[in-house]
Amino acid sequence: MSIWKRSASLEALATQCQQTLVAHIGIEFTELGDDCLRGRMPVDARTHQPYGLLHGGASVVLAETLGSIAANLCLADESKMAVGMEINANHVRAVREGWVEGCARPLHLGSTTQLWEIRIEDERGRLVCISRLTMAVVKAA
């Protein structure tokens with residue numbers, strides 16, 4: 001059974017992110033499963049740190065993008081929105097090139113807060129970054 005309360009498509013998510021940091025660094029949405037939003041990000045000059053490795057901040061951008069969008073898709077009430085309160089990330093493997101893929105899954109879907117886990121893996125399925133994102137559910141602006 002799907003956790004999503006708002007309708008969405010991969011194409012609509014991509015359109016929503018045009019002219020944002022998400023599009024600038026090349027994040028692509030790849031799957032909207034029953035309980036997971038997946039996306040991928042290139043590991044290239046846009047996402048490298050000065051030593052040629054995937055920048056930890058870029059991994060956090062991917063994690064927060066997937067978790068934030070997923071959180072908002074879980075809200076039935078259109079007068080509400082989910083906004084980030086706290087994010088943490090543990091970077092466990094370096095990546096120099098290719099793509100990384102993230103999957104955001106809920107740990108808690110409450111009426112005032114949500115907690116999401118985002119796993120980011122390399123092309124071989126090895127863990128690169130594990131992130132936890134806390135979202136506040138507030139009145140939409």
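Is R119 buried, partly exposed or exposed? At 35% relative accessibility, R119 counts as partly exposed. The cut-offs: buried is under 20% relative accessible area, exposed is over 50%, and partly exposed is in between, with a 1.4 Å probe and protein chains only.

A word on the model. This one is predicted, so local features need pLDDT of at least 70 and side-chain atom pairs count only at pLDDT 80 or more, while totals for chains, interfaces and linings use all residues. Residues are numbered from 1 along each chain as its sequence is written, and side-chain values use heavy atoms, with hydrogens and water left out.

Salt bridges next. The definition is a side-chain nitrogen of Lys or Arg within 4 Å of a carboxyl oxygen of Asp or Glu. Side chains of opposite charge can pair when their charged atoms come close. Searching the whole structure gives eight salt bridges.

R119 takes part in one of them. Its partner is E121, with the closest N and O atoms 3.5 Å apart. E121 is partly exposed too, at 24% relative accessibility.

R105 bridges to D35, and their closest N and O atoms are 3.4 Å apart. R105 sits in strand β4, D35 in the loop between β1 (28-32) and β2, and 70 residues separate them. Strands here are DSSP runs of E, at least two residues; helices are runs of H or I, at least four; both are numbered from the N terminus. R105 is partly exposed at 37%. D35 is partly exposed at 31%.

Another one: E101 with R38, closest N and O atoms 3.6 Å apart. E101 is in strand β4 and R38 in strand β2, so this bridge ties together parts 63 residues apart in sequence. Relative accessibility is 32% for E101, which counts as partly exposed. R38 is partly exposed as well, at 23%.

On to the cysteines. What holds C36 and C103 together? They form a disulfide, with the sulfur atoms 1.9 Å apart. The criterion is a pair of cysteine sulfur atoms within 2.5 Å. A disulfide is a covalent bond between the sulfur atoms of two cysteines. C36 is in the loop between β1 and β2, C103 is in strand β4, and the two are 67 residues apart. Both C36 and C103 are buried. The structure holds one disulfide.

C74 is in no disulfide; the nearest cysteine sulfur belongs to C36, 11 Å away. C74 is buried, at 10% relative accessibility. C129 is in no disulfide either; for C129 the nearest cysteine sulfur is that of C103, at 13 Å. C129 is buried at 0%.

Last, the interior. A nonpolar core is a set of buried Ala, Val, Leu, Ile, Met, Phe, Trp, Tyr and Cys residues joined through side-chain atoms within 4.5 Å. The largest one has 34 residues, and V100 and W116 touch the most other members. Elements giving two or more residues are β2 (37-43), α3 (56-73), β4 (98-109), β5 (113-121) and β6 (127-139). Which element gives the largest share? That is α3, with eight residues.

Look at V100. Leaving out residues up to four places away in sequence, V100 touches, among others, G39, M41, L62, I120 and V128. Contact means heavy atoms within 4.5 Å.

Finally, T134 in strand β6. T134 is buried at 17%. Beyond four places in sequence, the contacts of T134 include V83, M85, Q114 and L115.
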